Amino acid sequence: MRRLCIGSLAAAGLLLTAGMAPDYAKQSGATAMPATRSALVAKLRLARESSSDLEVGGELAGLPPGVTRYITREDLLALPQVTYTVSDDSNFTGPTKISGVPLEDFAQTLSAAPHAAIVVAICDDKYRANYPHEYVAAHHPLLVLAVNGQPPSGWPKDSEGHGYDMGPFMISHPKFKPSFKIFSHSDEPQIPWGVVRIEFRNENAVFGAILPRGRDATTPRVKAGYRIAQQNCLRCHNMGREGGQKSGVPWTVLSARAAASPENFTAYVRDPKSRNSHAEMPGNPGYDDATIGALLAYFRTFSPHSAERER
């Protein structure tokens, strides 16, 4: 699932009871890419040759920052692959075999600075999934190339019932177990489909754009709100060039809404359709007052009069 703006815990598919095969730890040593950086970079194309090509950019090894290149599906399939049977990915209706390239291997090979990089997956509708180094190490996300042995043309349609194709690429996990919890928000799986571009960016630069501001920036509640917004809100909402643009509502507007009308902000986060019948964003009825309060406190730091409103 990827069409989330402020994520729904129920929709995120945190089903932790199912197994997966085989175990990632048993495979990771065998999946280290033998190809050198120069060998893979040499395969990158200057222009798209097919709709199945993956666009890559950001800070690529051996190339100037900001350039865009393309890698064919055939070249991706030539890289070392891993295969898992997953049962806790809400994009699928049951146990499903997926195959592909681990994002950590992909970053090690293509990123100019893999240990400082955040992997950003960009979808065809401008949704973005962010994979910080900590998340990658904890959850081992996989750039999926085959589902039940099939290429994208044979993949199931989106689980939300719209009939969308989930290719050309998607991202899943061998198994997802939340690694943190903040109030009623648990770490959520980042499982986008319709991925068309992968960027390797400096993690501090990406998250630095949404660092809380002002004298309340370091308070525990604001820091908690920042962590929640970093994982959820940044997927669909942007601060300048950082973040998703699916929603069309930038960070500054969220801040203005949080400052001007906390009640409406709260109602919208919990039940968007109660404020806008055409809203696509899933609701978050499980977000308790502490969670909403943290988001309000965080977004208010971007308002000129945040300190006064915080009181």
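A pocket here is an open set of grid points with protein on both sides within 12 Å along at least five of seven lines. The close-ups below all come from a predicted model.

**View 1. The second largest pocket, with about 190 Å³ of space in it.** Helix α4 gives the largest share, with four residues. Sorted by class, this pocket's lining has nine nonpolar residues, three polar ones and one charged one.

**View 2. The largest cavity, holding about 140 Å³ of space.** The structure has three cavities of 30 Å³ or more. Around the largest cavity sit 14 lining residues, with N130, P132, Y135, R227 and Q231 nearest its centre. Helices α5 and α7 each bring at least two residues to this lining. By class, the lining of the largest cavity splits into four nonpolar, six polar and four charged residues.

**View 3. Helix α7 (residues 220–231) crossing helix α10 (residues 289–300).** Their axes come within 7 Å and cross at roughly 95°. Angles of 65 to 115 degrees count as roughly perpendicular, so that's what α7 and α10 are to each other. On the α7 side, the residues in contact are R221, V222, A224, G225, Y226, I228 and A229. They meet T291, G293, A294, L295, A297, Y298 and F299 of α10. Taken by class, the contact between α7 and α10 has 10 nonpolar residues, three polar and one charged.

Notes:
Residues are numbered from 1 along each chain as its sequence is written. This is a predicted model: local features need pLDDT of at least 70, side-chain atom pairs count only at pLDDT 80 or more; totals for chains, interfaces and linings use all residues. Side-chain values use heavy atoms; hydrogens and water are left out. Axes are lines fitted to C-alpha atoms, for helices over the stretch in contact, and angles run from 0 to 180 degrees between N-to-C directions. Angles under 35 degrees count as roughly parallel, over 145 as roughly antiparallel, 65 to 115 as roughly perpendicular and the rest as oblique. Contact means heavy atoms within 4.5 Å. Ala, Val, Leu, Ile, Met, Phe, Trp, Tyr, Cys and Pro count as nonpolar, Asp, Glu, Lys and Arg as charged, and the others, Gly among them, as polar. On a 1 Å grid over the protein atoms alone, a cavity is a set of points where a 1.4 Å probe fits but cannot get out, and a pocket is an open set with protein on both sides within 12 Å along at least five of seven lines; lining residues have an atom within 4 Å of a point. Grid points are joined across faces, edges and corners, and a volume is the space filled by probe spheres set on the points.
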